[in-house]
Amino acid sequence: MTQVQADRADEAAGQDITPLLQPLQIGQLRLRNRFVMPGMQRFGCVDGAPSDRLREYYRRRALGGTALVIAEACAVDHPSSAANPIFARLDARTRDAWRSCIDAVHEAGGRMFLQLWHAGAVDTGGTSVPPGFVALSPSGLAHPDTPFGRPATTGELAAIKEAFVRGAACAREIGADGVEIHACHGYLLDQFLWPAINLRTDRYGGPAISDRATFPAEVLQAVRQATGPDFVLSIRISQWKEADYEAKIVTSADELRQLVSILRSSGADLFHVSTRRFWTPEWPGSDFGLAGWVKSFTDAPVIAVGSVGLDVDVMATLTGEEARPTGASRIEDLLRRFGRGDFDLVSVGRSLIGDPDWVAKMSDGRGAEIRPFRRADIEFLSALC
Ligand SMILES: Cc1cc2nc3c(=O)[nH]c(=O)nc-3n(C[C@H](O)[C@H](O)[C@H](O)COP(=O)(O)O)c2cc1C
């Protein structure tokens, strides 16, 4: 650790994070504190099934105090969901391996959700695209300037919806505490919400957010119907896309209110609001981040996320910049926003990749012992278990 990093960690070590250590009840689900590990691809699957090493990686985060572990994006059981076989999948062949991850997290005192994902028009294939693979999306666009694959027919959308339903039913059967529907970062369900690339003229497109939310809402409704009232359904949304940090699914608080209301009434009982920095104001005139705005429009719990413990955001990391630990003021700001009621839970991503005991160390004043996250950690599960 450099001297600067050590000084920052020392400052943060003195923080009293007691408010974030209170349990939270969501329906039948009790979380022991407010810390969540968000879904993060770790490339530790073999043919879509988590390896023993990946299971150990998840178990260690639960053992280190994280209340809720959300598995990396799992491709749903449809041929168009992800081109590359390195991604996690949830289907009949991988369910037992996922069950064993869930069991391991439970034994370590944590709770676990599986994240259900369809890549849509994003090119996830690299050099490994299987013959005949066709990317399906609202309008065959990954970005306004980037055609990719083709628009899905309504019949194909019905089949994709059923794949989400099968995934959620499977997650429930194997003991998951809930599922998170991935509708963020520029992948399929988010592509419906994003007006710049959803050009459909059927019931799944249109100028109003209520038009563009129709397919994600139908997915939520179908999943809710199949899993019953007690299974926790999280929906993960974002303005930003991996392909465009300035993209917007909604341009005003009123549009956001409509979206939140549609998703809530369609069955969401938890909102995971993805931002790259939790402290960035969403609209002028208020210091509310996107999570704070969502919370102001719903009675459901909200998860905030973005650069907790680190000074640069996830995309800076993924494009080559090394992150450094932040000092006490950022944690103070997190606590201030939490105390004000902007969110109920907080996701800690890269910091938890770097140190599985991040929550435990922050909880008992051992912040100075936190192993700082390094970019290289993303490449390997290695010593991180
Ligand atoms: C290596 C890596 C993989 C990720 N994979 C996913 C994913 O599978 N699903 C998802 O919703 N977000 C994914 N994300 C985004 C994280 O969930 C999180 O929102 C982001 O890292 C910001 O949190 P942080 O600043 O605390 O790291 C990934 C991030 C990283 C660093």
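Both α9 (290-296) and β16 (302-305) contribute at least two residues each to the lining of the second largest cavity, where helices (H or I, at least four residues) and strands (E, at least two) are DSSP runs numbered from the N terminus. The model is predicted, so that local features need pLDDT of at least 70 and side-chain atom pairs count only at pLDDT 80 or more, while totals for chains, interfaces and linings use all residues. Residues are numbered from 1 along each chain as its sequence is written, and side-chain values use heavy atoms, with hydrogens and water left out.

On a 1 Å grid over the protein atoms alone, a cavity is a set of points where a 1.4 Å probe fits but cannot get out, and a pocket is an open set with protein on both sides within 12 Å along at least five of seven lines; lining residues have an atom within 4 Å of a point. Grid points are joined across faces, edges and corners, and a volume is the space filled by probe spheres set on the points.

Two cavities of 30 Å³ or more are present. Among the lining residues are Val273, Phe278, Leu290, Ala304, Arg337 and Asp342. By class, this lining comprises seven nonpolar, three polar and two charged residues (Ala, Val, Leu, Ile, Met, Phe, Trp, Tyr, Cys and Pro count as nonpolar, Asp, Glu, Lys and Arg as charged, and the others, Gly among them, as polar).

The largest pocket has a volume of about 980 Å³. Its lining consists of 41 residues, of which Met40, Gln41, Glu242, Val314 and Leu318 are the closest to the centre. At least two lining residues come from each of β8 (111-117), β13 (178-185), β14 (232-241), α10 (314-318) and α12 (350-354), with α10 supplying the largest share, four residues. The lining holds 18 nonpolar, 15 polar and eight charged residues. In the second largest pocket, of about 240 Å³, three lining residues are nonpolar, four polar and five charged; Trp240, Glu246, Lys248, Arg276 and Arg277 are among them.

The protein as a whole contains 13 helices and 17 strands. Its radius of gyration is 20 Å, close to the 21 Å that the globule rule gives for 385 residues, so the protein is as compact as a globular protein of that length (C-alpha atoms; 2.2 Å times the number of residues to the power 0.38). Of the 385 residues, 61% are buried, meaning under 20% relative accessible area with a 1.4 Å probe, protein chains only.

Definitions and conventions:
Buried means under 20% relative accessible area, exposed over 50%, partly exposed in between (1.4 Å probe, protein chains only).
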